[in-house]
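Here are my notes on the structure you sent. They are meant to be read beside the sequence and the 3D view.

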Amino acid sequence: MTTSSSAPGPEVPAERDLEVSILNALPHPVIMLDPEGRVCSANDAAQNFFQSSAAVLGRHSLRHFVPFGSPLLQLVEQVRERGSSVNEYRVDVGTPRNGGERVVDIYAAPASDRAGHVVIMLQERTMADKMDKQLTHRGAARSVTGLAAMLAHEIKNPLSGIRGAAQLLEQSADDQDRALTQLITDEADRIVKLVDRMEVFSDERPIEREPVNIHAVLEHVKRLALSGFARDIRIVEEYDPSLPPVYANRDQLVQVFLNLVKNAAEALTDTPDAEIALTTAFRPGVRLSVPGTRERVSLPLEFCVRDNGPGVPEEIQTHMFDPFVTTKTNGTGLGLALVAKIVGDHGGVIECESQPRRTTFRLLLPAYVDKIAD
């Protein structure tokens with residue numbers, strides 16, 4: 001911070017408040033270390049990252065919050081020795097205190113107006129890694145495409161004949177046998193519905209997209225949920241009202257969020273204070289490479305569905321968007337695979353972070369850009 005006098009003077013409260021507001025608006029953890037290595041300042045993202053308040057962070061040196069011998073500590077010393085900024089990529093700073101493995105890119109620089117102080121910004125690598133997973137999800141969805149086309153021909157046609165034969169038998173059957181023919185008919189219909197759901201994966205037609213108000217979509221999904229499967233669950237909204245429209249197909253977005261909210265509601269069956277949160281936010285800086293081209297698509301719109309249920313079992317977290325993966329007794333395992341396909345078709349990314357009492361499905365999608373002809 002600069003002052004109008006060469007001698008140190010008291011900080012101007014308005015300037016201090018502005019600095020704090022700017023730092024807290026950043027999505028990345030930012031901390032400042034004093035010459036003794038103590039954390040003398042931390043923005044909101046840093047407090048969340050280290051799972052400690054600013055007061056707790058201020059009582060300890062950085063060594064207390066990172067692994068023993070962490071490269072981060074060496075970087076701080078390099079910054080002090082060189083008097084210039086230093087970057088390091090893919091460094092694990094995770095400890096049991098901050099939730100285990102936390103791989104980050106580190107940006108460290110000397111504070112220009114405070115001798116011996118170092119400013120550090122951490123950028124988690126999870127987004128880049130999860131983008132790679134998104135490509136895997138798309139590949140898994142494509143693997144279902146050929147299966148769906150085969151099933152439509154090889155199963156639906158014979159089922160139609162089986163169902164017709166059962167209906168003919170029903171006309172001359174007694175009450176006991178009629179129950180069996182009805183069972184055949186019902187099971188044939190159930191298999192047809194399953195195949196119909198899988199056929200969605202083989203639909204390669206271009207998506208009809210337009211500017212969509214995401215808050216109108218979420219409000220529609222909320223009304224549907226509260227009138228049915230989530231009538232006993234509290235649904236809260238944390239919206240950024242200044243968001244631009246998302247470039248998407250409205251009906252498909254409704255399908256995506258309805259699926260995610262329904263999954264959240266089913267996970268909250270035995271939770272006494274069941275709550276689902278719908279959030280929207282603007283996250284600039286996230287860009288995804290388009291396979292086969294040099295184009296990079298910006299994905300600044302972040303939409304989340306969060307619940308306070310028991311969480312997703314760890315053994316399926318890495319495969320939860322693959323077809324036929326489910327924890328439900330009567331589930332087909334196609335719901336999240338379809339969600340991943342729709343999001344991927346929109347050029348977006350979906351990810352899941354889960355632990356007990358906090359499971360978050362996060363979507364990153366492109367904003368609508370009005371292309372004005374020259």
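1. pLDDT is the predictor's confidence in each residue, from 0 to 100. The model is predicted, and the protein averages a pLDDT of 78, with 74% of the residues scoring at least 70.

2. Residues 1–10 call for caution when reading the model. Their pLDDT stays under 50, and the model gives this stretch 7 contacts beyond four places in sequence.

3. On the overall fold, the protein has 10 helices and 14 strands. Of the contacts with a separation of 6 or more, 63% join residues 24 or more positions apart.

4. Of the 374 residues, 39% count as buried. The accessible surface comes to about 21,100 Å², and carbon and sulfur atoms account for 52% of that surface.

5. The largest nonpolar core holds 43 residues, and Ile 214, Val 246, Leu 253, Phe 257 and Ile 276 have the most contacts inside it. At least two residues of this core come from each of the helices α8 (214–226), α9 (250–267) and α10 (335–345), and likewise from each of the strands β8 (246–248), β9 (275–282), β12 (301–307), β13 (349–355) and β14 (358–365). The greatest contribution is from α9, with 8 residues.

6. Which residues is Leu 253 in contact with, leaving aside its neighbours within four places in sequence? They are Val 212, Ile 214, Val 217, Val 246, Ala 248 and Leu 365.

7. Another core, of 25 residues, lies apart from the largest one; Phe 49, Leu 62, Leu 73 and Val 79 are among its members. In soluble globular proteins, nonpolar side chains tend to be buried together.

Definitions and conventions
Residues numbered from 1 in each chain as written. Predicted model: local features only at pLDDT ≥ 70, side-chain atom pairs only at ≥ 80, totals over all residues. Heavy atoms only, no water. Contact = heavy atoms within 4.5 Å. Core = buried A, V, L, I, M, F, W, Y, C linked by side-chain atoms within 4.5 Å. Buried < 20%, exposed > 50% of the residue type's maximum accessible area, 1.4 Å probe, protein only. Helix = DSSP H or I, 4+ residues; strand = E, 2+ residues; numbered from the N terminus. Areas by Shrake-Rupley, 256 points an atom, 1.4 Å probe, with all protein chains shown as cover.
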